[in-house]
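Here is a short report on one protein model. Look at the structure first, then read on.

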Amino acid sequence: AGRVRAPLVVCCHGLGESGLRVAPVARRLARAGAVAICPSFRGGGAPTAGATTSMSVLTEVADLEAVLDAALAWPFVDAGRTALFGRSLGGLVALLTAARRPAQTGALVLWYPALRAPATVRARFGTRAAVPETYAARVDGRDIVLGRRYALDAWDLDIDAALGRLRAPVLLLHGDRDADAPIEASEAAARILPDARLERVAGAAHGFGDE
């Protein structure tokens, strides 16, 4: 009785990364008094996470839900104060998870979220049958090899519907020179979300850090 419980923030990395990529943000949140977690999603490409060909947006959503289930049971976590942070693909994963778990998401912070990932897959291949077993996606100037599962799992995702279900406050940060995830997607999201603020970062491209 009387134990102080801390807010929880789960930090979600981008495509082809591990939790180390968002660890600086997690450390800053921890210094501010939060319980901060930066999991490495399966198939993130890190040595311990497995090949990127085995992952998809939905496998990462499942991983994030499992992290939430575990962390919200910790006695030092205030389950009523939970936030999700995500960069790039991690932003999309955080958004979809929040839409699935509204009671467990008090706020969202999304850096240059990859909200157009499903539309990009459909535009690239045209039909599901045309998706090869593996293919390369270019992010932050490097090629990441993805599997057919990634494209098929993303194909029918309705991002606008997920945005419309959210009631938690959402902070979007996006560079106006982002070629990988154009800022127009965050601008459109801010118009759909009932409680959103978009901060435009002048001159920033995709993948900027937390300075």
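Which strands does helix H1 lie across? Helix H1 (residues 23-31) lies across strand E1 (6-12), E2, strand E3 (77-87) and strand E4 (107-111).

## About the model

This is a predicted model: local features need pLDDT of at least 70, side-chain atom pairs count only at pLDDT 80 or more, and totals for chains, interfaces and linings use all residues. Residues are numbered from 1 along each chain as its sequence is written, and side-chain values use heavy atoms, with hydrogens and water left out.

## The sheet

Six strands form an open sheet with parallel pairing, in the order E2-E1-E3-E4-E7-E8. Helices (H or I, at least four residues) and strands (E, at least two) are DSSP runs, numbered from the N terminus. Two strands pair if DSSP finds at least two bridges between them. Strand E2 (35-37) and strand E8 (196-201) are the edge strands, and each pairs on one side only.

Strand E7 (residues 170-175) runs parallel to E8, and six bridges join them. Val170 has Ala196 in E8 as its bridge partner.

## Helices on the sheet

H1 runs at about 175 degrees to E1. Angles run from 0 to 180 degrees between N-to-C directions; axes are lines fitted to C-alpha atoms, for helices over the stretch in contact. Contact means heavy atoms within 4.5 Å. Helix H3 (residues 89-100) also packs on the sheet. H3 touches E1, E3 and E4, and its direction makes about 145 degrees with that of E3.

## Ala71

Ala71 lies in helix H2 (residues 57-71). Ala71 counts as buried because its relative accessibility is 0%. Buried means under 20% relative accessible area, exposed over 50%, partly exposed in between (1.4 Å probe, protein chains only). Not counting residues up to four places away in sequence, Ala71 touches Leu8, Ile37 and Val77.
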